[in-house]
Amino acid sequence: MTDISKDLAALRIPQEDRGGRRTPVLLIVVVLVVLGGVAAGGWYWNTQMQAVAVKTAAATLKAGGPAAAGAVLNASGYVVARRRATVSSKVTGKVLDVLIEEGQPVKEGQILAHLDDTQPRASLELAEAQLASSRKAAAEDQARLSQAEITLGRRQQLLKEGVVGKAELDEAQSNVDSLKARIAYTTQQIGVAESQVHLQKTNLTDMVVRAPFGGVVISKDAQPGEMISPVSAGGGFTRTGIGTIVDMSSLEVEVDVNETYINRVSNGMKVEAVLDAYQDWKIPAHVITTIPTADRAKATVKVRIAFDGLDPRILPDMGVKVSFLREEPPASGATAPAAPSVLMPKAAIRSADGKSIVFVLKGDRVERRAVSVGLENGDQVEVLSGVVPGERVVVDGPATLKDGDKVTIGRTQFRYTVRD
C-alpha cells in the first residue's frame, strides 16, 4: 500500500504548474463570440426582418406625346351597329333556297330565302273555292228573290181585284222575307270566305323571307333542306335565322368611361377615334349621348360616339381608341414647353387626404410623394408631376405603408412599356 500511495503522489500536478493564466483568455474569446452573434442577429433583425416586402415597377417616359392635341380623356371600346338583325321567318318551315352570301349588299324588301309553301298554297286554293261557292249561292238566292218579289206584286194586284184571298198574299210575302234573310246570311258568309282567302295569302307570303332594311349580310345561317323557326324548337336541327344583316350607315362607337372621369364628357363633344386596325388614321367623331346608367361591377359608364363621316374600312366589332377633346382649343401664342409626363401602373396610385400619392423607392426605403394624375390608358395612368422617368414606384405593398418605411423588393418586379 505504501508504494501505491507514493506513486499516486508522484502523479499529482502542482497548482502553480497547471497553467492558470489560460482560463481568462478562453472566457474572453467565448464572450466575444456570443456578443458578435447577438450583434449580427440584431443587425439582421433591423435590416431584414423588419423590412416590408413590396413589388415595384419603373415609371417610364410617355412615348409619342399625348394621344391627341387637347385631349382631356382617353377610352377604348368597339364599333357597333345600331341596326343589326338576324332575319328569320314568321312561321316554322323547311328552307327551299337561300339567296344570300356573306358580304352581299341587300336592299329593303329583297328576297333572302323561300320556304316550302305546298301546304299554304293548298289552303289558299281551298279558301278561294269556298269563296266562289258562297258567291254562287248568293247569286242564286238573289235570282229567287227577284222572282218572289214579282209574285208578291201580282198577288197584291189580284187581291185588290178580289181574285185571290189574303192567305195567298201572306204566303208570297213570307217567301220574299225568307229569301232576303238568306241573302243576308250568304253575304256574311262571303265576307268570312274573303277573310279566309286573305289569311291564306298572308300565310303564303310568309313563306318568302325578305330583308327588313338595307345593309350588308355578315353571316349566312341556314341552308336548303333545313328547318327554320322563329323560336327555338330545341335540339340542333332547327335554325332560328336565315342570316344576319347589318346597316352600315348606323355604325357608331361605344366606349366604357371610368365613372370618376365621366364629368369630363358632354353631349356633342368632339372626339378623335383611332381604329386598332388603322392606327395612323385619325377619324373625327362626336359624342351622341351618355347612357344614364353605370356598371357597378366595372364602375364605368357607357358613352355613344358617332363618326362624322363613314368609311368602308370601318367594320362592326372593330376595336377603337378614342380621345375626348377640349371644347375650345387653348389660346394661341408662345407657351412654355410642358414637363415630360410619365406612365406607371394604376396600382401604384393611392389616395390619402383626398390627394393622389405614390411611394417611390429610395435605396431600401420608400418616399411618399403627392402626384398629379392625367389620362388613363388601360392598366396605366399618366402622371403629370411628382415622379420622373426611371424611378421605381411601389405597385404592391401593405396598406399601412408609410413614408420612410424599410422595404425589400419581391422577386417579381413589373415593368410596363408603351407601344407607339
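Two strands pair if DSSP finds at least two bridges between them. Helices (H or I, at least four residues) and strands (E, at least two) are DSSP runs, numbered from the N terminus. This is a predicted model: local features need pLDDT of at least 70, side-chain atom pairs count only at pLDDT 80 or more, and totals for chains, interfaces and linings use all residues. Residues are numbered from 1 along each chain as its sequence is written, and side-chain values use heavy atoms, without hydrogens or water.

**Two sheets**

Strands of a sheet pair through backbone hydrogen bonds, either parallel or antiparallel. Another open sheet of four antiparallel strands runs β2-β18-β23-β22. Here β2 (60–61) and β22 (372–377) stand at the edges with a single partner each, so one side of each is left without a neighbour in the sheet.

| Antiparallel pair | Bridges | Residues facing each other |
|---|---|---|
| β9 (residues 215–220) and β12 (residues 243–246) | four bridges | Val217 and Ile245 |
| β18 (residues 342–345) and β23 (residues 380–385) | four bridges | Val342 and Val383 |

**A helix pair**

Helix α3 (residues 118–161) packs against helix α4 (residues 166–205) at about 165°, with axes 7 Å apart. Axes are lines fitted to C-alpha atoms, for helices over the stretch in contact, and angles run from 0 to 180 degrees between N-to-C directions. α3 and α4 are therefore roughly antiparallel (an angle over 145 degrees).

Methods
Parallel < 35°, antiparallel > 145°, perpendicular 65-115°, else oblique.
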